[in-house]
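User: I would like a close look at a single part of this model. Please treat that part in one connected account.

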Amino acid sequence: MATTDLPHDTDIARVTEALAMITPRWNVRILLALSGRPQRYSEIADNMSWLPNSQLHLKLRALCDAGLVERTAHNSRHVTYGHTGRAKALLPVLPLVVTWAEEHLEQPDRPLPAIEQIEDSLTLLTRRHAAAILWALKIRQEASGRALARIVLPGRGLSGVYPPLRQLLADGLVCTDGPGHPYRLSRAGNALGTVFGPLSAWAAGQPLSQAEAHPVWGHPEAAPASTRWASNPARIHAPAPVKAGPSTPSAWARGELFSHAAPAGPRPALAAGGPRR
């Protein structure tokens with residue numbers, strides 16, 4: 001990610017990198033399929049029979065390289081794949097994405113499974129320069145396109161900021177009163193603290209309880225001094241408990257967020273469904 005002129009540039013870069021790890025197609029499904037004990041490749045392939053072996057092999061290798069999946073060779077004929085500690089700490093973040101999508105994004109005619117809501121929402125947030133623009137508007141409250149170009153793409157002119165801005169408008173995360181008026185976060189965009197805060201905490205190696213104290217997306221004034229935001233990317237903490245419900249980690253074992261059935265066919269463009277009115 002290009003350097004921005006924001007005070008939280010390192011934080012934005014970490015979150016952007018985290019999104020780039022988990023957003024590519026099938027990555028979240030593979031992580032969910034690996035919940036529980038380590039599995040042999042054949043077991044994973046049987047549970048995801050709709051995914052060609054060539055793609056599954058490449059995806060597992062990429063997730064291993066990202067530090068989310070661990071490959072263990074017990075002997076030459078017995079190899080298993082399982083979550084790393086970093087992947088286990090990530091799991092409680094994903095149901096929060098579902099909760100945000102269900103509350104703030106317009107739902108299609110047919111109810112979307114939770115896994116598809118996760119995939120669609122992550123795609124919105126991973127669009128080029130999206131995180132930096134959303135961060136800038138959260139800090140500034142509102143800004144012109146020219147100001148956003150200076151902040152998000154310093155020294156690169158105006159042309160680069162308008163395509164991602166138009167996409168964020170179409171996706172319903174940013175709004176404006178019309179040409180010549182400043183841009184600001186929509187209701188859905190403002191509510192992204194429930195996603196960006198925990199994801200930022202995870203990316204920094206902090207417990208998810210630190211999300212409330214995030215300097216941009218949280219409420220640091222309401223957090224005890226002992227939980228104020230700090231950065232320690234070398235250490236991964238156990239995630240804070242999340243209240244059980246249909247979109248919480250306890251549901252993963254019951255198969256409520258992941259199905260071994262083949263994914264649904266093509267869905268309408270994400271931009272077609274804006275925020276809930």
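What covers the buried residues of helix 12?

Analyst: The model is a predicted one. In it, the cover over the buried residues of helix 12 includes helix 1 (9-22), helix 5 (85-90), helix 6 (93-104), helix 7 (114-126), helix 8 and helix 11 (187-190). Helix 12 itself spans residues 193-203 and is mostly covered, with ten of its eleven residues buried. Among these buried residues are Val 195, Phe 196, Leu 199 and Trp 202. Just after the helix, Gly 205 adopts a positive phi of about 75°.

Apart from neighbours within four places in sequence, Trp 202 contacts Ala 18, Leu 68, Arg 86, Ala 89, Leu 90, Val 93 and Leu 208. The largest nonpolar core has 74 residues, of which Trp 202, Phe 196, Trp 100 and Leu 134 touch the most other members. Helix 8 (residues 130-140) supplies the largest share of this core, namely eight residues. In general, nonpolar side chains in soluble globular proteins tend to be buried together.

Helix 8, which is part of the cover over helix 12, also packs against helix 9 (residues 145-152) at an angle of about 115°, the axes lying 10 Å apart. Helix 8 and helix 9 are therefore roughly perpendicular to each other. The crossing of helix 8 past helix 9 is right-handed. On the helix 8 side, Ala 132, Ile 133, Ala 136, Leu 137 and Arg 140 meet Ala 147, Leu 148, Ile 151 and Val 152 of helix 9. By class, this contact comprises eight nonpolar residues, one charged residue and no polar residues.

Definitions and conventions: Residues numbered from 1 in each chain as written. Predicted model: local features only at pLDDT ≥ 70, side-chain atom pairs only at ≥ 80, totals over all residues. Heavy atoms only, no water. Core = buried A, V, L, I, M, F, W, Y, C linked by side-chain atoms within 4.5 Å. Buried < 20%, exposed > 50% of the residue type's maximum accessible area, 1.4 Å probe, protein only. Helix = DSSP H or I, 4+ residues; strand = E, 2+ residues; numbered from the N terminus. Contact = heavy atoms within 4.5 Å. Axes fitted to C-alpha atoms, helices over the stretch in contact; angles between N-to-C directions. Parallel < 35°, antiparallel > 145°, perpendicular 65-115°, else oblique. Left-handed = near helix turned anticlockwise from the far one by under 90°. Nonpolar A, V, L, I, M, F, W, Y, C, P; charged D, E, K, R; others polar.
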